[in-house]
Amino acid sequence: MKSVNLFGAGIVLAVSLAALMPAMAQEWPDRPITLIAPAGAGGGTDATARLLALGLEQQLGQPVNVVNQGQGGGVVGFTSITTAEPDGYTLGVIYNFAHYSPMGQGDFDAADMTPIGQFNFDPAGFHVRTESEWANITEALDAIKADPGAYDIACGGGCGGSWPLAFASLLDAYDVDLSQVRMISGQGAAAALQEMVAGGFDVVPSSVPEAGSLIESGLVRGLAVFGSERLEAFPDIPTLEEETGMVLELGAWRGLVGPAGLPEEVTAKLAAALEAVYNDPEFQSAMTDRGFGLRWRDAADFGTFMAEEETSVRELVRVLGL
Amino acid sequence: MQLGQLGVAGGFGLLGATIIVNTAGLAPVAHIEFGPALFPTIVGWIMIALAALAAFDAVRSPAVEVGASEEEPPEPLDRHRIILFAVFGAAPLIYVALAPVLGFLLTMPIIVGGLAFVASGKLGRSILLGLGLTAFLHIVFYQVLRVTLPWGVLTNYAGVLTWR
Amino acid sequence: MEIIGQAFLQLLTPQVMLIMLGASAYGLAMGAIPGLSASMAVALVIPIAFFLDPVPALAGVVTLAAMAIFAGDLPGALLRIPGTPASAAYVDDSYLMVRKGQGGLALGLCVICSAIGGVVGALVLMGAAPAIARIALQFSSYEKFWLACLGLTAAVAVSGGKWYKGGISLMLGLAIAQVGLDPVSGQLRLTFGNGNLVGGLAFIPVLIGMFAIPEVLRYALAPREIAPPPIQALGNLLSGVGSTLRRLKGDVVQGSVVGVVIGAIPGAGADIAAYISYAISKRFSKVGDQYGKGVPDALVAATTSNNAAVGGAMIPATVFGIPGDSLTAIIIGVFFLKGLNPGPTIFIENALLINTVFMAFLIANILMVPLGLLATSAFQRMIRVPRYMLMPAVLAFCIIGAFAVENTHFAVVTMLILGLVAFVMEKYQYPLAPAILGLVLGPMLEETFLNSLIRARGDVFAFVERPLSMGLAALTLVICVTPVVMFIWGKARGARTA
């Protein structure tokens with residue numbers, strides 16, 4: 001027992017000595033970085049955040065720790081990112097967030113963040129039951145336009161999320177009366193797809209890989225993907241443009257940001273590191289293997305994109321009455 | 001009459017009322033008459049009704065309180081116990097207040113060691129427990145499992161003290 | 001059959017076996033330490049799984065989940081601090097058995113029944129996953145609403161003492177679940193303008209708070225050393241288990257079936273399964289009135305059920321990527337990270353890997369017997385340190401456990417507040433298990449009810465239009481009405497004879 005005590009005391013002494021050592025004055029980063037993912041452990045945003053953290057760790061030479069804060073549909077995580085000290089040691093992997101503020105759920109917008117770069121985009125897919133009467137997207141859109149209140153559309157999670165808003169943008173572009181459309185919230189895209197198979201919904205907009213296993217088993221059909229090209233893994237699903245002639249790119253994106261007011265040298269260093277990670281073939285194949293789409297926007301483009309999206313989403317939220 | 005039981009029942013009744021009042025203003029969901037206020041209202045009213053029953057029972061019952069558990073016969077409270085109860089109850093709050101400032105490595109030994117000392121009066125063992133447990137938690141949770149425990153004033157040393 | 005053999009060989013490498021043993025130790029420790037929980041243990045291991053090869057990583061994660069769910073029974077029995085929400089259903093029974101000196105039987109039953117449930121879950125998973133998953137997919141929000149109602153009826157079974165106090169406790173649980181963004185329209189509810197409450201009162205911190213904090217505070221008010229129950233030697237842990245299980249074999253079967261079935265229904269999971277099994281067992285037991293007072297009969301079905309549900313929940317998760325509960329959601333996240341994408345073709349394209357994972361899960365549940373007994377024995381010794389050291393340590397684990405699962409300091413505050421509430425409730429004989437049940441079922445009940453109603457355009461008859469929902473509705477009604485009818489009938493007969 002005595003020797004154990006001595007051993008413990010030794011450790012304590014060593015730790016306190018180490019603490020007394022003067023901090024080596026170095027440039028950023030000289031200690032671990034916290035990467036906040038406003039999503040629970042195990043989901044898509046968590047997966048991309050972890051892949052990104054692995055790459056950034058190699059680039060920056062410091063541990064990058066993923067911290068999941070998915071409470072309140074992500075509001076808690078976004079609030080932590082935007083209110084963090086802008087010293088470059090707290091960053092965030094974010095996704096479509098413009099609806100929180102107009103829906104009264106959170107108090108943050110694009111101006112509260114320093115954009116670093118976008119690394120992912122997944123186009124929304126238009127999913128129906130296999131036995132659905134609609135053979136293609138045009139039939140579906142015409143039917144919804146004729147009687148907007150007759151169909152049940154799943155929001156996946158909350159109705160301000162990426163997928164329902166992509167869907168609403170499409171209906172808006174197709175001149176459907178949005179105030180009549182029935183959008184129903186739920187516990188995520190997977191749950192909504194299950195509910196659709198059980199007979200609950202008529203349409204579930206979600207990412208195509210999320211519906212992938214149900215499409216493969218012949219329970220769900222994908223009528224269109226809202227991107228510029230067909231997806232490599234799902235070559236049978238046509239794009240919106242092929243079917244309707246509408247040129248729209250709608251879906252979910254993910255990018256890296258810091259709190260507003262990040263020092264310029266930190267932003268520059270981070271942007272370079274992020275670009276290097278993005279261009280790393282290992283990162284690219286890891287992303288595609290898991291069904292995540294790749295899309296690059298540099299800091300400036302990403303900032304403009306977020307600001308534009310904010311304007312259009314505010315308008316959509318108002319029309320949908322969320 | 002059982003005053004304690006009556007107080008608890010009153011507290012739950014008040015909670016039920018608070019829930020009803022607080023959620024009354026929520027807008028119904030589009031397309032139906034109900035909304036997020038429906039369930040809280042139901043829960044609130046049932047809680048009030050049951051609390052009223054509990055209150056009625058408390059008023060009717062003889063004033064002798066049954067101890068919470070047979071194995072702990074009620075003993076008179078002395079000052080040491082009240083202090084102990086207070087520090088144990090306040091410890092999580094103290095942690096939340098101190099950890100962002102002092103950091104985990106400094107706060108946890110104070111909390112654990114302090115509690116053990118107040119409970120036992122044995123200084124040496126308390127210090128050892130505080131330091132040992134903190135070191136253990138730090139190694140397992142921060143270094144191995146990578147939970148981002150706060151560093152506080154030690155932030156500048158975080159880089160040196162993190163294993164890679 | 002050949003593939004099973006190959007899968008088995010995959011596990012026989014030293015690396016995989018070491019990882020599985022390590023994961024077992026980690027899972028047992030995390031589950032057994034009060035304040036730390038199974039979902040936290042799995043979530044925190046993701047970064048480590050990241051660096052391992054797929055086979056050891058996935059085998060490790062499923063092993064860990066199985067062990068952690070079982071180990072949640074240990075602090076429940078020995079300290080009255082259940083490690084998982086599922087263990088909360090029968091915590092009074094196992095704790096009181098230990099206090100009565102039947103600790104060996106209680107802990108032995110927990111180990112053996114958990115292993116039986118786990119093995120059944122694993123075998124069903126390996127044998128019939130695709131078929132069962134198709135059935136599980138047919139549960140729409142109408143059926144899930146009735147299932148939640150069915151779960152609520154279990155509250156009666158877990159409320160000892162005055163019925164209205166159980167009711168208040170249940171309402172408290174439902175109310176706690178309502179804090180934050182509402183599940184249907186995303187409006188702020190019961191947040192009182194506090195930004196911290198937007199995320200709601202998190203489940204695990206509430207659970208830790210309601211069970212661990214009162215225990216710590218009770219110690220503070222009576223800080224003398226109470227004699228710990230005598231240590232049960234490894235051999236004694238199994239004495240009496242065999243005969244008890246032979247007597248209660250019906251409960252073992254019931255627990256396994258209910259666990260697998262409820263577990264497989266997306267959105268239900270192990271917690272609800274344990275409560276429902278407990279309620280069924282109590283209804284049909286000859287000693288039903290002794291439940292909650294420390295009889296072995298009360299443990300068997302529920303502890304079998306929550307482990308069987310782990311395998312059950314993996315069924316829709318692996319076949320369709322639809323997790324049954326929050327723990328499975330994290331496990332599937334790890335599958336996904338290791339490039340094993342769930343889907344019906346997983347059994348064709350990744351047949352070897354998925355069978356290896358299932359095999360690992362099966363072996364983990366068998367290993368649970370020796371390792372679980374060892375852990376039980378070790379844990380009994382560990383908690384014999386003086387209570388003035390044990391209780392501060394428990395509090396420290398609670399703080400870090402609440403923080404690590406939510407990554408906010410507010411979770412620690414949540415834990416404390418609910419702890420104080422629970423302390424007062426216990427002092428005035430309010431049962432706590434119904435509150436946990438309310439917390440589990442609240443969101444499911446509300447979301448399925450309102451969403452179904454929106455889809456039915458406000459027509460409540462839609463809730464009984466589908467055959468499956470009609471059946472569940474009838475079952476719920478029968479369970480609610482039977483006791484009333486029996487009561488009246490009993491009274492009437494009593495009046496006649498008198």
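Which residue of chain C forms a salt bridge with Glu195(A)? In this predicted model, the partner is Arg455(C), and the closest N and O atoms of the pair lie 3.4 Å apart. The salt bridges between chain A and chain C number two. Polar contacts between these chains come to 22 residue pairs, counting pairs with both residues at pLDDT 80 or more.

On the chain A side, the elements that each give at least two residues to the contact with chain C are α2 (44-60), β2 (64-68), α3 (75-83), β6 (182-184), α6 (189-197) and α7 (208-216). Of the residues on that side, α2(A) brings the largest share, five. Sorted by class, the chain A side has 18 nonpolar, 16 polar and eight charged residues.

Now the extent of the contact. Chain A puts in 42 residues and chain C 47 residues. Together the two chains bury about 3500 Å², with 55% of that on carbon and sulfur atoms. Arg50(A), Gln194(A) and Arg290(A) account for 17% of the area chain A buries against chain C, more than any other three residues.

Last, one helix of chain C. Helix α12(C) runs over residues 249-264, which is 16 residues. From first C-alpha to last, α12(C) reaches 23 Å, close to the 22 Å expected at 1.5 Å a residue. Which residues of α12(C) are buried? They are Asp251(C), Val252(C), Gln254(C), Gly255(C), Ser256(C), Val258(C), Gly259(C), Val260(C), Ile262(C), Gly263(C) and Ala264(C). The cover over these buried residues includes α6 (91-137), α7 (141-158), α11 (241-247), α13 (270-284) and α14 (296-320) of chain C.

How values were computed. Residues are numbered from 1 along each chain as its sequence is written. Chains are lettered from A and ligands numbered from 1 in the order in which they are written. This is a predicted model: local features need pLDDT of at least 70, side-chain atom pairs count only at pLDDT 80 or more; totals for chains, interfaces and linings use all residues. Side-chain values use heavy atoms; hydrogens and water are left out. Contact means heavy atoms within 4.5 Å. Buried area is the accessible area (1.4 Å probe) that two parts lose on being put together, summed over both. A salt bridge is a side-chain nitrogen of Lys or Arg within 4 Å of a carboxyl oxygen of Asp or Glu. A polar contact is a pair of N or O atoms within 3.5 Å; within protein, one must be able to donate a hydrogen and the other to accept it, and residues adjacent in sequence count only if both atoms are side-chain atoms. Helices (H or I, at least four residues) and strands (E, at least two) are DSSP runs, numbered from the N terminus. Ala, Val, Leu, Ile, Met, Phe, Trp, Tyr, Cys and Pro count as nonpolar, Asp, Glu, Lys and Arg as charged, and the others, Gly among them, as polar. The expected span of a helix is 1.5 Å times one less than its number of residues. Buried means under 20% relative accessible area, exposed over 50%, partly exposed in between (1.4 Å probe, protein chains only).
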